[in-house]
Amino acid sequence: MEKRDTVDSGKGRSVVGGGGSSPMAMMTSIRSVGEGDMDVRSILRTAETILRLLPMALCLSALVVMLKNSQTNDFGSLSYSDLGAFRYLVHANGICAGYSLLSAVVVAVPRPSTMFRAWTFFFLDQVLTYVILGAGTVSAEVLYLANKGDTDITWSKACGSFGEFCHKATTSVVVTFAAVACYMAVSLVSSYKLFSRYDAPVTYLGDKGIQIPTFHA
């Protein structure tokens, strides 16, 4: 039998069950759990904001280095604007830097997560990742040709004559690939935040022996 305590009061007697938890204790426990969840969400939001700001700094660095990349000597003059791949690199880094800043601001502001917002971040993160990856890859190929040359297409080893230009271009491309790595991490985060909203597919055996996968949003 449950042990019961009798407490005398000024107006009478009240019986308190000693075997259960009081409503106040339960409310306090629920409140502490809720505050803990809010703290975790705040930490994750801050971490994602920093992760989105990091490629902005890298893209701006690569952009500035390439914009200032030009060299003039006895062999002539050479500028980044003379090569379409490097112009594309500059434009891609500028676009990605702007998107990184905008997305970081949106993520930093606490607001309810919706399916539309999750899909938007997933789509844009994927697109920008491929944009900056393409810019880095094309520029790396041009740098390879500038260093090694290609006799089949009469492409001479330009870096032998414009070493400073190639050095700055290489620095810009390396920084761009560092930004690519950050964008890949951002894409993984947005992918997880989107697809974690769906339940795992449940396969069951139908009336006709057909396995039917079901998804629940």
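Two rings of Phe, Tyr or Trp (its six-membered ring) count as a pair if their centres lie within 6.5 Å; planes under 30 degrees apart make the pair stacked, over 60 edge-to-face, and the rest tilted. By that rule, the structure holds four aromatic pairs. Two of them are set out here.

| Pair | Distance of centres | Angle of planes | Class |
|---|---|---|---|
| W119 and F122 | 5.7 Å | 85 degrees | edge-to-face |
| F122 and F195 | 5.4 Å | 85 degrees | edge-to-face |

This is a predicted model, where local features need pLDDT of at least 70 and side-chain atom pairs count only at pLDDT 80 or more, while totals for chains, interfaces and linings use all residues. Residues are numbered from 1 along each chain as its sequence is written, and side-chain values use heavy atoms, leaving out hydrogens and water.

W119 and F122 are three residues apart in helix α3 (residues 115-148), so about one helical turn separates them. Helices here are DSSP runs (H or I, at least four residues), numbered from the N terminus. F195 belongs to helix α4 (residues 163-195), so its pairing with F122 ties together parts 73 residues apart in sequence.

F122 is buried at 17%, whereas W119 is partly exposed at 38% and F195 is partly exposed at 45%. Together, W119, F122 and F195 form one aromatic cluster.

How values were computed
Helices (H or I, at least four residues) and strands (E, at least two) are DSSP runs, numbered from the N terminus. Buried means under 20% relative accessible area, exposed over 50%, partly exposed in between (1.4 Å probe, protein chains only).
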